[in-house]
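Please have the sequence and the model at hand while reading.

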Amino acid sequence: MDTENIKIQIKTFFGLEQILAEEIKKLGGRNVEIKNRAVNCEGDLGFLYKINYSARTALKILVPIHEFKAFNQHQFYDRLFKFEWENFMDVDQSFSIDATVNSETFKHSQFVTLKMKDAIVDYFQDKFKRRPNVETRNPDIKFHLHIDRELVMISMDSSGDPLFKRGYRREQGEAPINEVLASGMLQLAGWDGKGNFLDPMCGSGTLLIEAAMIAMDLPAQIFRKRFGFQNWNNYDAELFSKIKEFRINRVRQFDGKIVGYDIDARMLNAARMNVEAAEMEDVIEIKKQNFFDSKKELFPLLMVFNPPYDERISINDDDFYKKIGDTFKTNYPNTLAWLISSDLEAVKKIGLRPSRKIKLFNGKLETRFLQYEMYEGTKKVHKLEGNN
């Protein structure tokens with residue numbers, strides 16, 4: 001592998017591609033190209049370590065190592081059997097394969113995964129008279145197989161565990177928001193750590209912790225113990241150590257407030273445990289508070305939240321969303337608020353026109369991420385005053 005000019009593909013969620021591309025440019029990526037749920041770029045080995053450690057909206061970071069066309073399963077096996085696998089893994093290392101397949105020729109991802117596994121094992125058996133182990137749970141090397149019609153691309157997964165597994169979550173709620181999605185939402189909402197932040201229905205606290213990490217410029221993976229690239233034969237421990245040190249030296253002081261409200265004692269407990277695990281008790285304040293009885297206390301204020309799903313609401317949905325709108329209008333003047341919801345009918349009961357709508361997915365659920373701008377009085381009054 002050319003360690004100076006590595007082609008890299010970074011996976012993300014639908015709707016976060018632009019945010020990820022901006023992150024990658026800031027971190028020094030070259031030839032940044034936006035794809036569907038992914039960003040392609042180039043960089044050196046140090047850059048590969050840096051994006052794994054720092055990129056907030058990356059799910060996994062792949063390095064393509066082999067590309068070819070196959071028109072049937074024999075060609076597929078044959079091309080893989082002839083590839084020099086010892087350049088990328090050792091016979092003593094365990095490996096796993098995950099696959100995404102979009103092809104008439106190769107219909108079943110499980111079948112092609114099995115074929116690829118056979119080709120790798122047979123290759124080592126043939127050349128070294130020994131077989132590497134397949135290990136799905138905690139492999140040394142993770143390969144990613146992508147088939148689009150006849151085009152086959154094999155990549156190495158440099159991340160190991162998916163990058164939303166930040167390592168601070170001890171407890172989760174019924175509908176926890178994924179850490180990568182949470183960070184993407186915050187960046188879409190324009191949160192940069194200037195001012196104050198409120199999550200008025202904070203659940204297990206993911207948005208709060210991600211907001212604090214952005215505010216302090218903490219690397220996304222500061223709590224992670226292992227990355228996939230640490231098992232690669234070209235791993236440079238000294239270089240990775242320097243990159244971590246450089247990033248941690250950039251951590252900044254945050255002077256604003258990050259506050260979470262919830263009414264569910266179990267949720268508050270979960271949020272406190274997660275905040276403690278993230279070592280952020282000094283930065284994040286969690287209060288037992290019903291949002292509908294609250295008033296704006298922080299100026300300036302950005303609000304981002306994920307209203308709870310049915311299992312945490314004992315009241316009628318429409319009534320619940322109407323109350324959100326009433327609270328916005330009455331108690332939160334001059335505030336920018338964003339919320340994510342999959343109930344596109346119920347959000348109409350908020351009674352305010354969203355100034356922005358962004359399509360995102362929370363797991364398999366299609367959602368809208370909606371921005372509401374609250375003015376004191378109405379827009380019309382503002383315009384009239386502006387004309388005087």
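Are H2 and H7 parallel or oblique to each other? The model is predicted, and in it the axes of helix H2 (residues 45-54) and helix H7 (residues 237-248) cross at roughly 50°. Angles from 65 to 115 degrees count as roughly perpendicular, under 35 as roughly parallel and over 145 as roughly antiparallel, with the rest oblique; H2 and H7 are therefore oblique to each other. The two axes come within 10 Å, and the crossing of H2 and H7 is right-handed.

On the H2 side, the contact is made by Leu45, Gly46, Tyr49, Lys50, Tyr53 and Ser54. Helix H7 contributes Leu239, Phe240, Ile243, Lys244, Arg247 and Ile248. Sorted by type, the residues of this contact are seven nonpolar, two polar and three charged.

## The sheet

Strands of a sheet pair through backbone hydrogen bonds, either parallel or antiparallel. Here, seven strands form an open sheet with mixed pairing, in the order S10-S9-S8-S11-S12-S14-S13. Strand S10 (284-288) and strand S13 (356-362) each have a single partner strand, so one side of each is left without a neighbour in the sheet. From one strand to the next, the twist averages 20°.

Alanine 337 stands opposite tyrosine 372 in S14.

## Helices on the sheet

Helix H6 (residues 206-216) lies across S8, S9, S10 and S11, and runs at about 175° to S9. Helix H8 (residues 265-277) also packs on the sheet, where H8 touches S9 and S10. The direction of H8 makes about 170° with that of S10.

Technical notes
Residues numbered from 1 in each chain as written. Predicted model: local features only at pLDDT ≥ 70, side-chain atom pairs only at ≥ 80, totals over all residues. Heavy atoms only, no water. Pairing = 2+ DSSP bridges. Helix = DSSP H or I, 4+ residues; strand = E, 2+ residues; numbered from the N terminus. Axes fitted to C-alpha atoms, helices over the stretch in contact; angles between N-to-C directions. Contact = heavy atoms within 4.5 Å. Left-handed = near helix turned anticlockwise from the far one by under 90°. Nonpolar A, V, L, I, M, F, W, Y, C, P; charged D, E, K, R; others polar.
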